[in-house]
Amino acid sequence: MNFFIRAIFCLIMAAPLSGAAYASDNIIRIQLKPSQEARINSPLSGRISAVHYKDGETVEKGQVLINFECNEKKSTLAQTQARVNRQIQLLTATQALFDLGSASETQLGVLRAELDEAKAMKNSANIQVKKCIVKAPFSGHISALFIKNHFSVQEGEPMIELVGTGDMEIEMIIPSKWMQWLKPDTVFNVAIDETNTEYEAAITRLGGRVDPITQSLKAYAKLTKEAPELLAGMSGQALFKVKTPDIELDNGE
């Protein structure tokens with residue numbers, strides 16, 4: 001019996017005192033997420049002629065990422081342009097005859113409609129040719145590459161994942177009771193595991209929904225200074241300097 005009493009006493013003495021139990025609540029796991037990210041899928045079915053960047057490389061907004069082999073689509077565009085030119089010539093000639101009284105309004109109307117149709121076909125062909133060049137929608141890092149030169153892909157097939165190089169967002173889950181004091185612009189430190197370095201950050205907003213089961217919600221923050229060495233997906237701890245209440249041990253006095 002004395003053995004069990006001693007064991008219980010040791011467990012009580014091992015419990016944290018003077019607010020230490022609350023201090024652990026102030027350390028929250030965080031993850032860095034890019035302000036912009038995109039998976040670029042193939043805009044058409046065809047063969048890739050050139051992939052200009054590799055996984056991990058940096059690109060600027062508007063730079064060409066991928067070229068497709070599009071000789072057939074360019075030929076179609078040329079044909080539609082030739083048809084537009086022909087319809088313009090026919091309409092111009094018929095308009096001259098109409099002015100001389102040798103052509104009817106109906107003939108002009110038909111030619112105008114055929115010209116509009118030719119222009120629509122040209123616009124459609126031009127859109128297809130533009131799809132042969134895939135450009136970066138924003139500046140960032142190539143985070144995944146699913147294709148190589150001369151690969152054949154289907155429309156909608158994933159090709160590249162791109163993450164932005166702008167300010168990254170810090171995402172975390174906090175106890176809902178922290179809403180009493182954690183507000184936008186609250187400053188705290190972030191210890192990133194991968195760099196073994198602390199950075200200053202500030203809360204930008206709180207999530208719009210509390211989980212009733214875990215009594216928690218999401219919070220978001222940004223670094224107060226630039227840190228180009230940090231990458232999306234890195235994780236660490238958010239360290240909040242919060243005064244915690246002391247726990248008094250009842251000694252039975």
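In which strand does Ser235 lie? In this predicted model, Ser235 belongs to strand β14. The residue is buried, because its relative accessible area of 19% falls under the 20% cut-off. Several segments of the chain meet Ser235. Neighbours within four places in sequence aside, its contacts are Arg29, Ile30, Gln31, Ala191, Ile192, Asp193 and Glu194.

Strand β14 spans residues 235-239. A loop separates β14 from β13, which covers residues 216-223. Thr224 sits in that loop. Its relative accessible area is 39%, so Thr224 is partly exposed. Residues up to four places away in sequence are again left out of its contacts. Thr224 then touches Glu200, Ala201 and Ala202. Ile203 is 21 residues from Thr224 in sequence. The C-alpha atoms of Thr224 and Ile203 are 9.9 Å apart in space.

Another loop runs between β12 (197-206) and β13, and Gln215 is found there. Gln215 has a relative accessibility of 55% and therefore counts as exposed. His150 lies in the loop that links β7 (140-145) and β8 (152-153).

The helical part of the description concerns α3 and α4. Helix α3 comprises residues 71-99, and helix α4 comprises residues 105-130. Their axes come within 8 Å of each other. They cross at roughly 160 degrees. This angle is over 145 degrees, so α3 is roughly antiparallel to α4. The crossing of the two helices is left-handed. Residues of the contact between α3 and α4 comprise 13 nonpolar, nine polar and nine charged.

Helix α4 contains 26 residues. From its first C-alpha to its last, α4 reaches 37 Å. That span is close to the 38 Å expected at 1.5 Å a residue. Buried positions occur along α4. They include Leu108, Leu111 and Leu115. Ala118, Ala125 and Val129 are also buried in α4. Among the elements that cover the buried residues of α4 are helix α3 and strand β6 (133-135).

Key:
Residues numbered from 1 in each chain as written. Predicted model: local features only at pLDDT ≥ 70, side-chain atom pairs only at ≥ 80, totals over all residues. Heavy atoms only, no water. Axes fitted to C-alpha atoms, helices over the stretch in contact; angles between N-to-C directions. Helix = DSSP H or I, 4+ residues; strand = E, 2+ residues; numbered from the N terminus. Parallel < 35°, antiparallel > 145°, perpendicular 65-115°, else oblique. Left-handed = near helix turned anticlockwise from the far one by under 90°. Nonpolar A, V, L, I, M, F, W, Y, C, P; charged D, E, K, R; others polar. Expected span 1.5 Å × (residues − 1). Buried < 20%, exposed > 50% of the residue type's maximum accessible area, 1.4 Å probe, protein only. Contact = heavy atoms within 4.5 Å.
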